[in-house]
Structures are given as C-alpha cells and as structure tokens.
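I opened my notebook today to look up a few things in a protein model. Here is what I wrote down, entry by entry.

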Amino acid sequence: LTGPHVWTIDYPGTEAVAAGVLRLCDVPAALAAEIDGLLPDPAAILPDLIDQAADQLTIPTPTPQLNPPGQTLPNLTTWPDAPQPPSTLSATATIPGVTATATATLRSTHFTINPAPNGPESRGDATTITCPGHGTPYRPNTTPNRSTCAHRFTTPTRDLTVTVTTVWHLTWTSNIDPGGDLGTVTAATTVPYRVQELATTI
C-alpha cells in the first residue's frame, strides 16, 4: 500500500475503557470539571488577546489643514489643525468567555516647522507647536487672535515644510480584568507650506 491511510479500530465499550481510549463519567459535575481542565486559563490567554486587539487598530495618517491654506504672510497668525474623523478608535479580540478591547484616543498633535532647503533662515525654524487634540480650526470672528496652538512666521518668501505628528494613547479593557495602559503610538506626515511676502504697488 502507498500513500496516507486512516485506520479505525472499533472497541467494545468495556474494552475501550480498559485500553484507556475511553473514560466514562457518570456525574455531571465531574464531567464539567473534566471539560474545564481541557480549556485554557482565561488569565493566561488574556495577554495574547490584548495584543491581537491592539494590532487591529489602524492609526490614521494626519490630514493637516493650515489656515491660511497653502501659504501665509509674515506676522500673520497661522492656525494649524489636523482634524480626525474619529478621535477615539477601538478594536476587540475574543475567544469563548474572554474578550479584550484596545482603545486609542487622540491626545495631541505636534506641528514642526522644518527649515526651508533653499531660502533664508528664520528664528521659527525647527519650532514645534503642540496642540491638544487635533489642533485649532480657524473660525472667522470666533477664533481668538492669540493661542498656544498658533504660529506667526517672520521671514518672508520661503518654501518650507511642516511635519504633523499625532499622538494616540492606548488602553485596554476586558470582561475578566479592569484593564490597563498600553502607552502611546504616533502617526506623521509632512506637507509643503509657503511664507509669501505681500508686495504693494503705489
């Protein structure tokens, strides 16, 4: 004979017990105990479920919206913003009887002004503006003129870039444990921006 084969041996009930391939359990409680002994310990499997839930989280790339859009003027307040459709994300991993949920919450957004590769230096180069949440959207007639989440460029006529980094705080919860802290993760992107001098003709 060649190839894989499956052989089946039929035992009468008493012989199967004697051979050790069958165990009889007449007491339901004892049967439940036998089954529980075959199941994994929920506390032992929980760390793997937490990792699985955290791996399912997809942290979005920031979507910067600088105002004025595209370019600004020297000494004009510029409002950095990176609106995120959801500021809280969650994912769940589960096996029968045990569930773990990982949650990511947007904490802050950092806007770093990179020096212009071809242009004059500015005292604002390498400055990082840190904003709570996603930043401050510009709203005419309502946004304060001064804010910690705003910037004024000083040196005109420069093509530079702004690196936008979002910081997300990760936590976990479970149906068998109150939960805990998973630290932080970040996502970043870099966008072009121009500081343009306003010329007037008299």
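**Entry 1: a helix and its neighbours**

Against which strands do the buried residues of H3 pack? I am working with a predicted model, and there I found that the buried residues of H3 pack against E3, E4, E7 and strand E8 (180-195). Next I looked up which residues of H3 are buried, and I noted Leu46, Leu49, Ile50 and Ala53.

I also checked the length of H3. Its 15 residues should span 21 Å at 1.5 Å a residue, and the end C-alpha atoms are 21 Å apart, so the two values agree.

Leaving aside neighbours within four places in sequence, leucine 46 is in contact with Val98, Ala100, Trp172, Ser174, Ile176 and Asp177.

**Entry 2: the whole chain**

I stepped back to see the order of the elements. The protein has three helices and eight strands, and from the N terminus on they run α-α-α-β-β-β-β-β-β-β-β. Of its 202 residues, 29% count as buried.

I looked up the contacts as well. Among those with a separation of 6 or more, 67% are between residues 24 or more positions apart. The accessible surface comes to about 12,700 Å², and 56% of that belongs to carbon and sulfur atoms.

How many residues does the largest nonpolar core have? I noted 16, and those with the most contacts inside this core are Leu46, Leu57, Ala104 and Trp168. H3, strand E3 (88-95), E4 and strand E7 (158-174) each supply at least two residues of this core. The largest share, five residues, comes from E4.

I then found a second, separate core of 14 residues, which includes Ile129, Cys131, Cys149 and Val162.

**Entry 3: the disulfide**

I reminded myself that a disulfide is a covalent bond between the sulfur atoms of two cysteines. This structure holds one disulfide. The bond joins cysteine 131 to cysteine 149, with 2.0 Å from S to S. The pair links distant parts of the chain, 18 residues apart: cysteine 131 is in strand E5 (residues 128-132), and cysteine 149 is in the loop between E5 and strand E6 (151-152).

Why is the disulfide right-handed? The torsion about the S-S bond of cysteine 131 and cysteine 149 is about 95 degrees, so the disulfide is right-handed.

Are the two cysteines buried or exposed? Cysteine 131 has a relative accessible area of 0%, so it is buried. Cysteine 149 is at 1% relative accessibility and therefore also counts as buried.

**Entry 4: along E5**

I recalled that in a regular strand the side chains alternate between the two faces of the sheet.

Proline 132 got its own note. Its relative accessible area is 59%, so proline 132 is exposed. Not counting residues up to four places away in sequence, proline 132 touches Arg107 and Ser108. Proline 132 and valine 167 are 35 residues apart in sequence, and their C-alpha atoms are 9.7 Å apart in space.

**Entry 5: how strands pair**

Strand E4 (residues 98-114) and E5 pair in the antiparallel sense over five bridges, and threonine 109 stands opposite cysteine 131 in E5. E7 and E8 also pair in the antiparallel sense, over 15 bridges. Leucine 160 has tyrosine 193 in E8 as its bridge partner.

E7 and E8 form a hairpin with five residues between them, and glycine 179 in the turn has a positive phi of about 115 degrees.

E1 and E8, by contrast, run parallel and are joined by two bridges. There, glutamine 71 stands opposite arginine 194 in E8.

Most residues other than glycine have a negative phi, and most peptide bonds are trans. I noted one exception of each kind. Asparagine 75, in the loop between E1 and strand E2 (77-78), has a positive phi near 65 degrees. A cis peptide bond joins asparagine 67 and proline 68, with omega about 10 degrees. Proline 68 lies in the loop between helix H3 (42-56) and strand E1 (71-72).

Methods: Residues numbered from 1 in each chain as written. Predicted model: local features only at pLDDT ≥ 70, side-chain atom pairs only at ≥ 80, totals over all residues. Heavy atoms only, no water. Disulfide = S-S within 2.5 Å. Helix = DSSP H or I, 4+ residues; strand = E, 2+ residues; numbered from the N terminus. Buried < 20%, exposed > 50% of the residue type's maximum accessible area, 1.4 Å probe, protein only. Pairing = 2+ DSSP bridges. Contact = heavy atoms within 4.5 Å. Areas by Shrake-Rupley, 256 points an atom, 1.4 Å probe, with all protein chains shown as cover. Core = buried A, V, L, I, M, F, W, Y, C linked by side-chain atoms within 4.5 Å. Expected span 1.5 Å × (residues − 1).
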